[in-house]
Amino acid sequence: MVVYRCRHCGRMIGEYAGSWDDPLLGLAQLPSEDQDALITCIAPGQTQVSILCEHCLPVPYDEGLWYN
Ligand SMILES: [Zn+2]
């Protein structure tokens, strides 16, 4: 099973009841250095994927800020 967790705030984003190398997830196609950075084995059969949640993603460019 795969658990997606925000690497910034630690919030659980989602989980997937399959293997991390399921082609659906696309993780197995990443370069191995990206896999090392994103994927952690937290328990036998459990993999954690460290990504950023929507709250921790860099703030999108906001045209309004330009005028403030
Ligand atoms: Zn977050």
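Predicted model: local features only at pLDDT ≥ 70, side-chain atom pairs only at ≥ 80, totals over all residues.
View 1. Strands of a sheet pair through backbone hydrogen bonds, and the pairing can be either parallel or antiparallel.

View 2. Is strand 3 largely in the open or largely buried? Of its five residues, the number buried is zero, so strand 3 lies largely in the open. For the chain as a whole, buried residues make up 7% of the 68 residues.

View 3. Strand 1 (residues 2–6) pairs with strand 2 in the antiparallel sense, and the pairing runs over four bridges. Within this pair, valine 3 stands opposite glutamate 15 in strand 2, while tyrosine 4 has glycine 14 in strand 2 as its bridge partner. The hairpin that the two strands form has five residues between them, and glycine 10, in the turn, has a positive phi of about 80°. In a regular strand the side chains alternate between the two faces of the sheet.

View 4. Which order do the four strands take in the open sheet? The order is 2-1-4-3, and the pairing in this sheet is mixed. Strand 2 and strand 3 (39–43) are the edge strands, each of which pairs on one side only. From one strand to the next, the twist averages 25°.

View 5. Alanine 17 lies in the loop that runs between strand 2 (12–16) and helix 1 (32–38). Because alanine 17 has 7 C-beta neighbours inside 10 Å, and a residue with 12 or fewer is taken as exposed, alanine 17 counts as exposed. Although alanine 17 and methionine 1 are 16 residues apart along the chain, their C-alpha atoms are separated by 4.5 Å.

**View 6. The whole chain, for orientation.** The chain contains one helix and four strands, and when read along the sequence these elements follow the pattern β-β-α-β-β. Among the contacts in the chain with a separation of 6 or more, 44% are accounted for by residues 24 or more positions apart.

How values were computed
Residues numbered from 1 in each chain as written. Buried ≥ 20, exposed ≤ 12 C-beta atoms within 10 Å, placed from the backbone. Pairing = 2+ DSSP bridges. Axes fitted to C-alpha atoms, helices over the stretch in contact; angles between N-to-C directions. Contact = placed C-beta atoms within 7 Å.
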